[in-house]
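Subject: Handover of a structure for your review

Dear colleague,

Please find below the structure that I am handing over to you.

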Amino acid sequence: MRRAAIGALAAVVVSAPWLVAALVPRQQRYVLHVLVFTALFAALALSYDLVVGHVGSLSLAHPAFFGVGAYTAALLATRAGWPFLGALIGAALAAGVVAALVGVPLFRLTEHAFAVGTLGLALVASVVANNWVEVTRGPLCITEIPKPVLGVPGGPALAITTLPGHYWLALAALAAVVLLYRGLTTFRLGRAFHAVRDNEPLAGAAGIDPLKYRLLAFTIAATVAGGVGALYVHYLSVMCPEEMTVALTVNLLVIVFLGGVGSLRGVLVGAVLFTALPEVLRLAPTWRLVIYGTLLLLVVVRSPEGLESLLRRAAR
Amino acid sequence: MTPIADLLEQLLHGLTLGAMYAMVAAGLALMLGVARLINFAHGEFFMLGAYAFWLGYSELGLPYPIAALLAPAVMVIFGIVYQHTVIRAILPRSWHVQLIATLATSIVLTNLAIIVLGTQPKEVPTTLSARILEVGGFRIAWQRLLVLVAALVIFWGLDRFVARTRTGRAMRAMSQNREACAVVGVDVQRVTLVTFALSAGLAAVAATLVSPLFNIFPDMGTVLTLKAFAAVVAGGFGYVNGAIAASFLIGITEALAGSYISYAYKDAIAFVIMIAVLLWRPQGLFGRRIGI
Amino acid sequence: MALLEVHGLVKHFIGVTAVDGVDLAVERGELVSLIGPNGSGKTTLFNCVTGYLAADAGRVLFRGRDVTNAAPHRVARLGVARTFQQVSVFPRLSALENLLVFLQQHQEERLLSRLLRTRRLRRLEAEAVERAHRLLELVGLSGKADAGAGTLSYGQRKLLAFAAALMPDPELLLLDEPAAAVNPTMINQMKEHILRLHGQGKTVVLVEHNMDVVMDISQRVVVLDHGQKIAEGSPQTIRRDARVIEAYFGR
């Protein structure tokens, strides 16, 4: 039954471009665009949840890693002329390396101090993006980033030019992130992560090095965020400093905390709700942030596990 | 201008910045010490205080001293309301909840301010900020002198308050052992409330003092919270006088770096200092202390 | 060479010296109790030995290896298991997982094999599950294997924490107040468990306030007061030691 439901859902998700064409032919482009964004945000939110939900470190630096990946990919593709896959891998690695380097001093901070330190990092990254004009072009943005072409040099190549193509690419990336997420958060690794999250001193007594596992989750999450950043700029063809502000953190916090911390299903539901909904409602960014902030405030104060636990409670 | 006079002016500018950061950081450190809470919305106290001052001084045309007293009074009330609506609900909860709740408050306040007041920065020049004191080729606005003198008086008063008054001593005791305080009959709720009101008031005082010198805009709070927090970390997590000292260090470094190295990156200085302190002296510049 | 050697250990807190130059040697297979009035430094000593607190002076040797100020997970992997006074479990893991997590770090920790779940790893996991079930049965928690540890009663969590400490088959077991705050039946159970371990040749050190338990099962008792070792010997000699009586009742 459950398997059948998941199969049906997967079929709907994969065939979405045709469904959209059949159901809302007039707004096909717009709806597909929202779907691409939803898939990319879902992947980004899952990577964020690896840190927040599974090792319990409230990092606010995710936009920085997303930005490092996005700018690396943009620069590799425009200035160095790298092929898409090369730029993607380079972007992911760059973000991962930055995370591993800054993670060492940042994890000297615990709990809320860590959160503030990471927020500081995000701020520094955004200052750099705005001001390092020789590299990032600052507020002028990096433009004319080529559309992705799948394939290796010399071999057959598949250019992604259509919106459905972008959608399937984003969906494939999301599927890969889901698999990685499952692999990391279940079985022995997941158990070690959760042990660190739930009781750090006891994790030490169990032979777990808390710092190592925190750093591992942080670095992997940043690597994924960098990869998503690469996909993002190759889709939009442009990268601006505004893409990596605190507003992105708020978005991720809302998706993760209102969807369900540490829950694959919760985060996916959150990503759909909070990426698609404001688009459909055509909310101005400031109003969206006011509403998100209020929602976040209400939900964390009333139910810290997010919608997931609300749903579970309602089902009972 | 001679290089020496230029250096002196930058130092003075740094002291002004430092005084501003210190008044915000002291409030953060107080809340952290007494309530074990990091208030991400603290910079917004400053922002709201600045707008309250702008409203009183520029829009309603009140004289400076009255507007400068009115803004902190408004923010003290705001601090009390904040304590009653948000803080009281989250104090018994995990730090995750506290952090997200205060961050969410900060986002809501910032964006409401954008909606209501617009993103256009406001200027509030006063007679004191326009009047310049000139001593041997060295020029300083009277407002800056006022900031420095007022900051000294405030920090001295704060120190006396914490050391001498009943409430101040209760705050210190709570920063050392909250549970024991509840047991021996300290009114934990009341002391927490006073701490929040005091912290909000301090931020607003800073706002009324420096607003005549700098522009006011809705999203200035976030960066300020972060810099003040960098000072709190560098000063030894929750140790108020350490946070004040670290604030001046950050302010001066920022002014000098902004003038001699790179203006664009001056906002990053506080974090460079914080990270450096964490790497070399994780216990803070002044060693680990217990209590505020 | 003793299994565990502590030489001149010192730990200061602000204003107090919690452990003041303690020497201690525990031989392989011994059952030693550490007693003393509240605040005499017993738990602090445990925390220094297991890496939870950095000692200000002195050395700790385990199997002749210097482990002074080694991180807790390093000490644990060398074969020192400990329990905590404040009963400590992973509340959001099931009872079974609570045990599994204590063994897995001793086996295989490479990221890739964990991600790919190699055949070898799955075999190790199956063995671990089997061992965990045996230990759950031993402490009478078989029926609770899949229950969230956070949902168990205080006594059950205490037994679970004890079983978890046994998972990696440690050479040295440090138990911090195993008999505190539980009912008499469970105290007897705990006594039996400890004696059984001792019978199997395990080395056990316990911090305990319950004198009946201490006098009943210990081979040797070490008494701390104000961070200093004031007496050491068999339960019989300790019972009659003037300094011990003074420390406990003289104030």
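How many residues of chain B are in contact with chain A, and how many of chain A with chain B? On the chain B side there are 38 residues, and they touch 36 residues of chain A, where contact means heavy atoms within 4.5 Å.

Before going further, please note that this is a predicted model, in which local features need pLDDT of at least 70, side-chain atom pairs count only at pLDDT 80 or more, and totals for chains, interfaces and linings use all residues. Residues are numbered from 1 along each chain as its sequence is written, chains are lettered from A and ligands numbered from 1 in the order in which they are written, and side-chain values use heavy atoms, with hydrogens and water left out.

Chains B and A

About 3,400 Å² is buried between chain B and chain A, and carbon and sulfur atoms give 84% of this area. Buried area is the accessible area (1.4 Å probe) that two parts lose on being put together, summed over both. Within chain B, the residues that lose the most area to chain A are B:W95, B:I100 and B:Y265, which together make up 18% of what that side buries. Zero salt bridges are counted between these two chains; a salt bridge is a side-chain nitrogen of Lys or Arg within 4 Å of a carboxyl oxygen of Asp or Glu.

Chains C and A

Here the contact involves 31 residues from chain C and 28 residues from chain A. The buried area is about 2,700 Å², with 59% from carbon and sulfur atoms. C:F90, C:R92 and C:R117 provide 21% of the area that chain C buries against chain A, more than any other three residues. Three salt bridges are found across this interface. C:E125 and A:R191 form a salt bridge through their side chains, at 2.5 Å from N to O. Over all chains, the whole structure has 18 salt bridges. C:E125 belongs to helix α5 (residues 119-138) of chain C and A:R191 to helix α9 (residues 187-198) of chain A, so this pair joins two chains. Helices (H or I, at least four residues) are DSSP runs, numbered from the N terminus.

A helix pair in chain B

Helix α10 (residues 220-234) and helix α11 (residues 240-260) of chain B pack at about 125°, with their axes 8 Å apart. Axes are lines fitted to C-alpha atoms over the stretch in contact, and angles run from 0 to 180 degrees between N-to-C directions.

Yours sincerely
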